[in-house]
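Subject: Structure handover and notes

Dear colleague,

I am passing on the structure we spoke about, with the notes I made while going through it. Please read them beside the coordinates and tell me where you would look further.

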Amino acid sequence: MAAALDSAASAPDPIPTPPDRYRAFIAFVSWAAPASLILIVAVLIQEAFPAIRKFGLGFLLGTAWNPVTLQFGALPAIFGTVVTSAIAIAIALPVGIAVAILLAEPGAVGIRGALGTGIELLAAIPSVVYGIWALYVLAPWTLLHLEAPISEHLGFIGFLGGPPRQTSLFTASLVLAIMILPTLSAVSRDVIRAVPRGLRESTVALGATWWETVWRVILPAARAGIFGATMLAVGRALAETIAVTMVIGNRFEIPHSVFFPAYTLASVIANEFTEATGDLYPAALIELGLVLILVTLTTNVLALVLVRSGQARVTI
Amino acid sequence: MTRNTWRRLSSGAALGVIYTLTALALIPLGLVLWFVASKGLPSVLHPEFFINSERPTGIPGGGVANAIVGTGIMVGMASMAAVPIGVLGGIYLAEYRVARWASWVRLASDVLVGAPSIALGIFAYTVMVVPQRHFSAVSASLALAILMLPVVIRTTESAVGLIPNGLRESGLALGLPRWRVSLQLILPAAAPGVITGALLAVARASGETAPVLFTGFGNPIFSVDPTHSMSALPLVVFRDALTPYNDLQQVAWGAALVLVVMVLVINLGSRWVLRRQIRLAGQL
């Protein structure tokens, strides 16, 4: 609503023309995007239906995943997906906001340009390249320098216990944190930039230091939008497939420690879909995909509404 | 220490922390580029890497010619569908930005960008692979086209939105119909931005593994038949990296390097073109 009002306010006056077929045609073509979204969800529901009918809501709470006895429950995969995304966002959030603050800062154009390019390149690197790097470089390093010392000294805390493995929930979360950072900082930067200049100038005029301006005025004004950016990044983390598949260890159980192997919704599908036979097994895998897409779509819609309302509110 | 000194110092300290965190953010980029370059270069330096197809472990001289051609064919077919549709959709959003349904199309595109790419793979598998009863490059192109579509729509929208209204109005004042103004006047003026968007979408699609996993499936034999399974660079990286064989892992690193170089060239090049476009649009 706010977004519509905003674009109406900034758009030029439409030139009155009779309704033309060109407009109708490109309007129709532009519906390819919403249509494919609806079609994908519809097809997934239809294909997952055997599993939905068989297991009902128990599918979401079941912990067994046994293609031989046809027992399918999604809880360990849901757990892995949610926990990796949560750890990733906890790591990426302070860094992402710091980058956004710096990128949105007026002045220092040279450094900022290079920095912005770097962050954008981080977003451009394909998932599978992060995957191979994480598998052969990051995972061994993490095991030696993060996981082993932490579990040795803090192992008495249940979820930090050992013995740690190379491919684990924690390693997957680290890769995810790197991969969602560009989304987080780019969207936060746009939101922070939308904070009216006057607000910044009047705060500085009152004698506030740079940090007081940022911390007490600019960040609070951009709060809703930054929250939206965070949710957008969460959506990316939930949806990420290949890099996570390569380092999470692919073990279908709820791990006792973050240093143990686990599984996510997307990586179960990536690993097992081509080998699934029968009716129920593929349907169960597709239901995992359905759960994943419904959660990410909801997250994304909420996030985008927040980001837009944040930008609209501060620009008015 | 006076209160004001304290305030100034803490502000400086905060700035220092922010610079440190930002430097921390760029470390992974440097590490990924360094390791992919250093581990991939030995494979890429052999010319047969680009001439030969994939070979099983133990047989020397394996390359990725089939995967490069496969990526080219699959992404090419996807572009043929996604670019025209996306460009027209983007023009619609930019030219009629307050139209009733425009905000819905915009929202759907933004949501589609964030949709799990593995779901696109399942979709293409269900509607094409299952009825045809075999994996095919065409089905991979369908999944990749859906992946590219929102990127093309949104970049076209912003490129067309940069064109000043005066151009549009002068076309209309000459009595040109709306479609000619938009396709023969606005679109050529916005062409660099539109092409950039298409190239960014191509880069994104070339690097995606999940949608190709059970559509193109991979094929160690050199194949250009779009109705059959076909290899792709990301598939080679994914499958070979997870094997325990040193020679296949080498091929995976080489393929990763090829992917990274391609993506970086497209991204840096398009940033340059875009900056020029914005400057030119300012002069119009």
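A210(B) counts as buried, since 29 other C-beta atoms lie within 10 Å of its own. Please keep in mind throughout that this is a predicted model. The residue A210(B) belongs to helix α10 of chain B, and, leaving aside residues up to four places away in sequence, A210(B) touches T241(A), I242(A) and A270(A) as well as S117(B), I118(B) and G121(B).

**The contact between the chains**

How many residues does the contact take from chain B and from chain A? It takes 77 residues from chain B and 77 residues from chain A. On the side of chain B that touches chain A, the largest share comes from helix α1 (residues 3–44) of chain B, which supplies 18 residues, and by class this side is made up of 58 nonpolar, 13 polar and 6 charged residues.

One helix pair across the two chains deserves a separate description. Helix α3 (residues 32–55) of chain A packs with helix α6 (residues 137–161) of chain B at an angle of about 150°, the axes being 10 Å apart, and the crossing in which α3(A) passes α6(B) is left-handed. On the α3(A) side the contact is made by A32(A), A33(A) and S36(A), while α6(B) contributes I146(B), L149(B), P150(B) and I153(B). Sorted by class, the residues of this contact between α3(A) and α6(B) comprise 6 nonpolar, 1 polar and no charged. As background to the spacing of such positions, an α-helix has 3.6 residues a turn, so residues three or four places apart point the same way.

**Chain A and its helix α5**

Chain A has 14 helices and 2 strands, and its C-alpha atoms fill a box of roughly 65 × 60 × 30 Å along the principal axes. Of its 316 residues, 48% count as buried, and of the contacts in chain A with a separation of 6 or more, 77% are accounted for by residues 24 or more positions apart.

Helix α5 (residues 75–104) of chain A has 30 residues and reaches 41 Å from its first C-alpha to its last, which is close to the 44 Å expected at 1.5 Å a residue.

**Two backbone positions to check**

F217(B) lies in the loop between α10 (210–213) and α11 (233–241) of chain B, and F217(B) is buried, having 22 other C-beta atoms within 10 Å.

With best wishes

Definitions and conventions. Residues numbered from 1 in each chain as written. Chains lettered and ligands numbered in written order. Predicted model: local features only at pLDDT ≥ 70, side-chain atom pairs only at ≥ 80, totals over all residues. Contact = placed C-beta atoms within 7 Å. Helix = DSSP H or I, 4+ residues; strand = E, 2+ residues; numbered from the N terminus. Nonpolar A, V, L, I, M, F, W, Y, C, P; charged D, E, K, R; others polar. Buried ≥ 20, exposed ≤ 12 C-beta atoms within 10 Å, placed from the backbone. Axes fitted to C-alpha atoms, helices over the stretch in contact; angles between N-to-C directions. Left-handed = near helix turned anticlockwise from the far one by under 90°. Expected span 1.5 Å × (residues − 1).
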